[in-house]
Amino acid sequence: MNGAGRSSGGEPDAAGPPPLTDRDPDAGMATGDDAGTYNLRLYIAGQTARSAAALANLKAVCEQHLVGRYRLEVIDLLEQPQLAAGDQILAIPTLVRRLPQPIKRLIGNLADTERVLVGLDLRAEER
């Protein structure tokens with residue numbers, strides 16, 4: 001990793017706090033080509049209950065609907081606040097789907113599974 005944050009199972013940068021997840025580094029990662037891989041970034045601020053809930057809720061959705069087709073990076077803005085500008089982060093926690101295009105953002109603890117699925121384009125919006 002390039003030091004931009006923590007990957008879903010990687011070690012924290014420098015001597016920071018332990019990662020919020022104990023995921024196997026290869027679990028949930030695409031193999032081979034990246035076509036169809038969801039590139040997700042979860043922006044949090046410290047290891048708060050809200051941050052932990054957002055991560056747990058996101059992991060549940062990914063493990064059920066995107067097995068083997070996602071890459072998740074957790075970025076703690078308390079450790080690296082400069083990274084907020086790149087993805088235009090105004091509130092936390094925020095999930096950014098960088099791939100597939102177009103970029104999408106979801107704000108909150110991601111507890112509403114249907115909203116997350118619609119936001120990630122995994123389920124059509126009910127009209």
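Analyst: Let's start with aspartate 121, in the segment after H2. This is a predicted model, and in it the phi of aspartate 121 comes out near 60 degrees, a positive value in a residue other than glycine. Most residues other than glycine have a negative phi, and most peptide bonds are trans.

You'll find leucine 110 in the loop between E5 and H2. Leucine 110 is buried: its relative accessible area is 2%, and buried here means under 20%. Leaving out residues up to four places away in sequence, leucine 110 touches Leu42, Ala54, Asn57, Leu58, Leu95 and Val116.

Next, the peptide bonds. The one running from isoleucine 92 to proline 93 is cis, with omega near -5 degrees, and proline 93 lies in the loop between E3 and E4. Glutamine 101 and proline 102 are likewise joined by a cis peptide bond, this one with an omega of about 0 degrees. Proline 102 belongs to the loop between E4 and E5. Those two strands make a hairpin, with 4 residues between them. E4 covers residues 94-99 and E5 residues 104-107, and they pair in the antiparallel sense over 4 bridges. Within that pairing, arginine 97 stands opposite lysine 104 in E5.

So what does the rest of the fold look like? The chain has 2 helices and 5 strands, and along the sequence they follow the pattern β-β-α-β-β-β-α. Of its 127 residues, 40% are buried. Nonpolar side chains tend to be buried together in soluble globular proteins. Here the largest nonpolar core has 19 residues, and the ones touching the most other members are Leu40, Leu42, Leu58, Leu72, Leu95 and Leu110. At least two residues of this core come from each of strand E2 (38-44), helix H1 (49-65), strand E3 (70-76) and helix H2 (113-119). H1 gives the most, with 5 residues. Apart from this core lies another one, of 6 residues, including Ile75, Ala84, Ile89 and Val96.

H1 deserves a look of its own. It has 17 residues and reaches 24 Å from first C-alpha to last, close to the 24 Å expected at 1.5 Å a residue. Which of its residues are buried? They are Ser51, Ala54, Leu55, Leu58, Val61 and Cys62. These residues sit on the same side of H1 because they cover an arc of only 130 degrees around the axis. An α-helix has 3.6 residues a turn, so residues three or four places apart point the same way. Over on the other side of H1, Ala49 and Gln64 are exposed. As for what covers the buried residues of H1, that includes E2, E3, E4 and H2.

Technical notes. Residues are numbered from 1 along each chain as its sequence is written. This is a predicted model: local features need pLDDT of at least 70, side-chain atom pairs count only at pLDDT 80 or more; totals for chains, interfaces and linings use all residues. Side-chain values use heavy atoms; hydrogens and water are left out. Two strands pair if DSSP finds at least two bridges between them. A nonpolar core is a set of buried Ala, Val, Leu, Ile, Met, Phe, Trp, Tyr and Cys residues joined through side-chain atoms within 4.5 Å. Buried means under 20% relative accessible area, exposed over 50%, partly exposed in between (1.4 Å probe, protein chains only). Contact means heavy atoms within 4.5 Å. The expected span of a helix is 1.5 Å times one less than its number of residues. The arc is that of the directions from the helix axis to the C-beta atoms.
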